[in-house]
Amino acid sequence: MKDLKDNKVSITEFLDNDEKKDLLRLLTAGSVDDGKSTLIGRLLFDSKKLYEDQLTALERDSKRVGNAGENIDYALLLDGLKAEREEGITIDVAYRYFSTNKRKFIIADTPGHEQYTRNMITGGSTANLAIILVDARNGIITQTRRHTFLVSLLGIKHVVLAVNKMDLCGFDKAVFDKIVSEYMDFVRPLGIEDITCFPLSALDGDNVVDKSERTPWYEGPALLDFLETIPLHADHNMEDFRFPVQFVSRPHLNFRGFCGKVASGIIRKGDEVVALPSMKHSRVKAIVPPYAPNQKQLGADGSTLNTAELPMQTVDYAFPPESVILQLEDEIDISRGEMLVKADNLPFVGRNFEAMLVWMDEEPMDRSKAFYIKQTTNTSRCHVDQIHYRIDVNTLEQSECEAFRLNEIGRVVIQASKELFFDSYKLNKQTGSFILIDPITNNTSAVGMIISAVDEKELHNAEAIPTLDLPKLGIAPEHYEAIERAVDELDRQGIAVRIVK
Amino acid sequence: MEQYNLSHLKELEAESIYIIREVAAEFENPVMLYSIGKDSSVMARLAEKAFAPGRPPFPLMHIDSKWKFKEMLQFRDWYAREHGWKLIVESNMEAFKAGVGPFTHGSKVHTDLMKTQALLHGLKKYGFDAAFGGARRDEEKSRAKERIFSFRDQFQQWDPKNQRPELWDIYNTRIHKGESIRVFPLSNWTELDIWQYIRLENIPIVPLYFAKERPVVEMDGQLIMPDDERLPEKYKDMIEMRKIRFRTLGCWPLTGAIESEADTIEKIVEEMMTTTKSERTTRVIDFDQDASMEQKKREGYF
């Protein structure tokens, strides 16, 4: 497929091709000194995403505050906010968009400085692939190890090690080989599925978009070529069906549907499903995809054309990450936060689990606080029952710890005040991830990745679910319904109360 | 043969619908801000698709600066009526009566009073706790860093240095009374994605996007289409007919047209792909001061 600018294809052909492209989300990690912004700038520039006025502004700014002498400083293009320009570093996640003839890309650009682990975690959570930059002159440094550890913690399946500034090392194969072998030794225990290494010069463009003649010894593809062709469909969990109910739709008496995203697995019309936590069974009567019931068009004279309403659309199956509505054959009472699964493939159901936790809040962890936990579409209260250890992101050494501070990471045991439905993050990112919200400030204090369920008897400070024994309390049966409604409302706010009737 | 790959547009659509449903489920009183532009048209369509066969459980709100193109207002009323939306229109009537406008007060004062202040007033008047906006991250540099769920304090202000971490698709929707969240379901869409979706979904848009012979006046290098009698006297004999269209829509004295032959979506995309100017160069307000959009966003503008 030729580029549109060369007028080799018609616009309709271009659009028809563009429509079919898939989407790769990638994370870039490295410091300004590694030439990360230059690399991104080149990917954008060479895929012709920069417009003339952006280039004009860039040339103007390069002369005023740039670090690239007489050359265009691509870094300035990416450092958006005013305060950051003055500091000379990017301080948060910035998203960039570009597309080639084969694929669309979203780049989450995050800074490399230690105090900003938080931002890299934020930028990387949705990434399919991470590019980790190293300066060929410095090789693998502490920061490289830290970034790689965070990438493995987030479960990013594909990692690119971009050995940049090869021009400053005479494109020496021995330099590249040494860095690659050192990196492979370090990365082996982290369990990253797919690692590919590239010798680059982002400044001159070697092996970025086109293969370089200055690295005849390098047999792999250019970076962009690799990014365009790496297969993505295997990145979703297609095995374990999980459907966290997001919103219950009942527009009229004859329709009740459960809106949600297929978190994992595949669901087909007619499949038997089980609702958690009630364990009630039913079958999928219909799968409703997003559709526009109303297709009205504005006529040239201001009239309305095409006034017929479309009937309800249905499909035979749905898969992640589609957003659909499921209609069941039986009237089961299901609300937001509950989950539809298959009877022969259940997630963990329980209140206690072990997880890796990353502290994201300026305010240190207060163990006495009852945080809100949000996991899938469920919200509960919870407490941190134990901290097994804190891990040093630079050395990977473990140490004892009482409470986490900003950017600290460690292994914890958490108890929620109501039952959650979860899997290990390794097997299922969608159902294995959660955030903790401070109950006073409402900040997102921490984010976590579940390892496994934990038995109640292993907890240090297990809190029983409070029980209301209605007969024992002498409450007349005509009040039961009102009490149940109040308890449902508490449950919605994350506080579980058990009722005995 | 079943297949399990989504095109980028289907993936973006699924993501946006998930976001829209999350707001409907977690907030008591959400609203969708509707600017009448192409991005708003896509956002409204996504909301309709998110709940079909039901209806979106929130209204549209348009902030009318009183200087919008007449064709925009006609389209707005037609769209809302024919697509079953409840439509709220809010204006800063006090400033309007005092005669505030871009020609007399400049774009900065006009935008602050007629857009930012009117928006803040409208949000407060109805007590909305979440407001959808159609902003995209590829539009402008300060938007590239904003979260999808973007927290606003009780003064409706954005603090770019103190944003909540946002991971996976788990959105923190907790706020105290008086605070609110701005939600951007189109964050990850590009300008091309928007046009492509409008084309594939046959989404109606304001006819001003398509090229046609229209009256224009050249002002400070921008082609301005006089839309009512408020054009200052000195420009009146400078009006000429040219074939033009608009890449973005806003207040008529602040929105520059481009000369164009593009009268279909295909031709618009072709023009966009081969042109060398980005979308916002036809918006006068961005040129006010350095980093001006970031400043406006801090103050509460979308």
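Helices (H or I, at least four residues) and strands (E, at least two) are DSSP runs, numbered from the N terminus. This is a predicted model, in which local features need pLDDT of at least 70 and side-chain atom pairs count only at pLDDT 80 or more, while totals for chains, interfaces and linings use all residues. Residues are numbered from 1 along each chain as its sequence is written, and chains are lettered from A and ligands numbered from 1 in the order in which they are written.

How many residues of α2(B) are buried? It turns out that 14 of the 14 are, so α2(B) is largely enclosed by the rest of the structure. A residue counts as buried if 20 or more other C-beta atoms lie within 10 Å of its own, as exposed if 12 or fewer do, and as partly exposed in between, with C-beta atoms placed from the backbone.

One partner of this helix is α1(B). Two packed helices are described by the angle between their axes and the distance between the axes. Helix α1 (residues 8-26) of chain B packs against helix α2 (residues 38-51) of chain B at about 75 degrees, and the axes are 9 Å apart. That makes α1(B) roughly perpendicular to α2(B). Axes are lines fitted to C-alpha atoms, for helices over the stretch in contact, and angles run from 0 to 180 degrees between N-to-C directions. Angles under 35 degrees count as roughly parallel, over 145 as roughly antiparallel, 65 to 115 as roughly perpendicular and the rest as oblique. On the α1(B) side, Glu13(B), Ser16(B), Ile17(B), Ile20(B) and Arg21(B) take part, and they meet Leu46(B), Ala47(B), Lys49(B) and Ala50(B) of α2(B). Contact here asks that the C-beta atoms of two residues, placed from the backbone, lie within 7 Å. Sorted by class, this contact has five nonpolar, one polar and three charged residues. For these classes, Ala, Val, Leu, Ile, Met, Phe, Trp, Tyr, Cys and Pro count as nonpolar, Asp, Glu, Lys and Arg as charged, and the others, Gly among them, as polar.

Stepping back, chain B is divided into domain 1 (8-193 + 291-299) and domain 2 (206-287), with bounds that come from an automatic or database domain assignment. The C-alpha centres of these two domains of chain B lie 24 Å apart. Between them, 22 residues of domain 1 of chain B are in contact with 20 residues of domain 2 of chain B. On the domain 1 side, two or more residues each come from α3 (70-82), α5 (102-126), α6 (191-201) and α8 (292-299) of chain B. By class, that side of domain 1 of chain B has nine nonpolar, six polar and seven charged residues.

Helix α6(B) deserves a look of its own. Its buried residues are Asp193(B), Ile194(B), Trp195(B), Gln196(B), Tyr197(B) and Ile198(B). Just after α6(B), Asn202(B) takes a positive phi of about 60 degrees. Ile265(B), in helix α7 (residues 265-274) of chain B, touches Trp195(B), Ile198(B) and Arg199(B), leaving aside residues up to four places away in sequence. Although Ile265(B) and Ile198(B) are 67 residues apart along the chain, their C-alpha atoms are separated by 8.2 Å. Ile265(B) counts as buried, because it has 20 C-beta neighbours inside 10 Å.

Helix α6(B) also meets chain A. The axes of α1(A) and α6(B) come within 11 Å and cross at roughly 100 degrees, which makes α1(A) roughly perpendicular to α6(B). Leu15(A), Asp18(A) and Glu19(A) of α1(A) make this contact with Gln196(B), Arg199(B) and Leu200(B) of α6(B). By class, two nonpolar, one polar and three charged residues are involved.

What about the chain contact as a whole? The contact takes 71 residues from chain A and 67 residues from chain B. Helix α1 (residues 11-20) of chain A gives the most to the chain A side, with six residues. That side has 33 nonpolar, 19 polar and 19 charged residues. As for chain A itself, there are 11 helices and 25 strands, and 42% of its 501 residues count as buried.
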